[in-house]
Amino acid sequence: MRSALVTALIAGIGGAACLPPSWGAAAILHPQRRHVTANPSLPHRDVAIDADGVVLRGWLFPARSPARAVAVVTLHGIADNRESAVWIAERLVPEGFDVLAYDSRAHGESSGDACTYGFHEKRDLSRALDQLDISRAILMGNSLGAAIALQSAAQDSRIIGVVAADTFSDLETIARARAPFFASETQIREALVLAGREGAFPVADASPLNAARRVRVPVLLLHGALDRETPRAHSERVFAALAGPRELRIVPGAAHGEALGKAWPDVEGWIARMGLASPREPGVVREGDGRPGSDGPRKTP
């Protein structure tokens, strides 16, 4: 299946040589919406987060007792919505985690007109933590959501860890990598400039790679070995740039968007090694080679 960004670039930039940059910019900024079709059976409450005039619609799944003093915030991929996180909540709620899943701006049932690939979305996430009174959070993102999670962790001290699956390294690189067959360099460059202007964000700042140099909390990077849409080199560049404890797992047999599900036992093990305590005890990050909280990276083929 083609990713939404691939489809956008084909339709918006490369469909014909005479298409103006506005087509490509619109395709990048306005991913197809996938609307929420059903409420989960897992107990939850609806939430509406005010993000500077954009309303983010979501679900908050309360932890089962004994609850930990940590929430897991899930972040979906492009052209997706919060429904894709229900299976994560079903696994983590019984383990004592509150789980927040919301539709990113310009996605699902949230308002907002433009996707900015992490630039405005990282501020949205901080506002979600503010309004839901979350003081410690682990972010768990897929594709676009992974990119948002990494950029958020560089600026918000309430984030204590990140699981990032199939991230891109930066918007400019992924746009160029996916479009050369269909569009000239001039078309791509003009489309990106216009997208930045219309979306009110510097395109060069939509960069998990740049943010990684300021991320000092533990990060688990996952990337599908069969990912043809966002090659593993994107996660490898981010891994090399991360400033704190980090692990990279290349997931056998996983195409784009499948790494998180196929590597779930690794995710559970990584969370366990965080040494998260209950609210009655202070949180401890355990030390040790290659573990979250240690100084050494681990890279697993």
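Rings of Phe, Tyr and Trp (its six-membered ring) are taken as a pair if their centres lie within 6.5 Å, with planes under 30 degrees apart counted as stacked, over 60 as edge-to-face and the rest as tilted. The model is a predicted one, in which local features need pLDDT of at least 70 and side-chain atom pairs count only at pLDDT 80 or more, while totals for chains, interfaces and linings use all residues. Residues are numbered from 1 along each chain as its sequence is written, and side-chain values use heavy atoms, with hydrogens and water left out.

View 1. A search of the whole structure finds 4 aromatic pairs. In one of them, the ring centres of Y117 and F168 are 6.3 Å apart and the planes meet at 65°, so this pair is edge-to-face. Because Y117 belongs to the loop between β4 and α4 and F168 to the loop between β6 and α6 (171–178), the pair ties together parts that are 51 residues apart in sequence; helices (H or I, at least four residues) and strands (E, at least two) are DSSP runs, numbered from the N terminus. Both Y117 and F168 are buried, where buried means under 20% relative accessible area, exposed over 50%, and partly exposed in between (1.4 Å probe, protein chains only). The rings of F119 and F201, with centres 6.4 Å apart and planes at 35°, form a tilted pair. This pair links distant parts of the chain, with F119 in the loop between β4 and α4 and F201 in the loop between α7 (185–199) and α8 (208–212), 82 residues apart. F119 is buried at a relative accessible area of 11%, and F201 is buried at 5%.

View 2. E109 lies in the loop between β4 (98–102) and α4 (121–131), and its relative accessibility of 33% makes it partly exposed. Apart from neighbours within four places in sequence, E109 is in contact (heavy atoms within 4.5 Å) with H35, V36, R57, R82 and D103. The side chain of E109 makes a polar contact with the side chain of H35 at 3.0 Å, a polar contact being a pair of N or O atoms within 3.5 Å; within protein, one must be able to donate a hydrogen and the other to accept it, and residues adjacent in sequence count only if both atoms are side-chain atoms. A polar atom of the E109 side chain also lies 2.8 Å from the backbone nitrogen of V36.

View 3. Strand β7 (residues 219–224) is mostly covered, with 6 of its 6 residues buried. In a regular strand the side chains alternate between the two faces of the sheet. On one side of β7, V219, L221 and H223 are buried, as are L220, L222 and G224 on the other. Strand β6 (residues 159–165) runs parallel to β7 and is joined to it by 4 bridges, strands being paired if DSSP finds at least two bridges between them. The bridge partner of A165 in β7 is L222. Strand β8 (residues 246–251) also runs parallel to β7, with 6 bridges joining the two, and H223 stands opposite I250 in β8.

**View 4. Charged groups over rings.** The charged end of R82 sits over the ring of W59, 4.4 Å from its centre, the criterion being that NZ of Lys or CZ of Arg is within 6 Å of the ring centre and within 35 degrees of the ring normal. R246 lies over the face of F239, at 5.3 Å from the ring centre.
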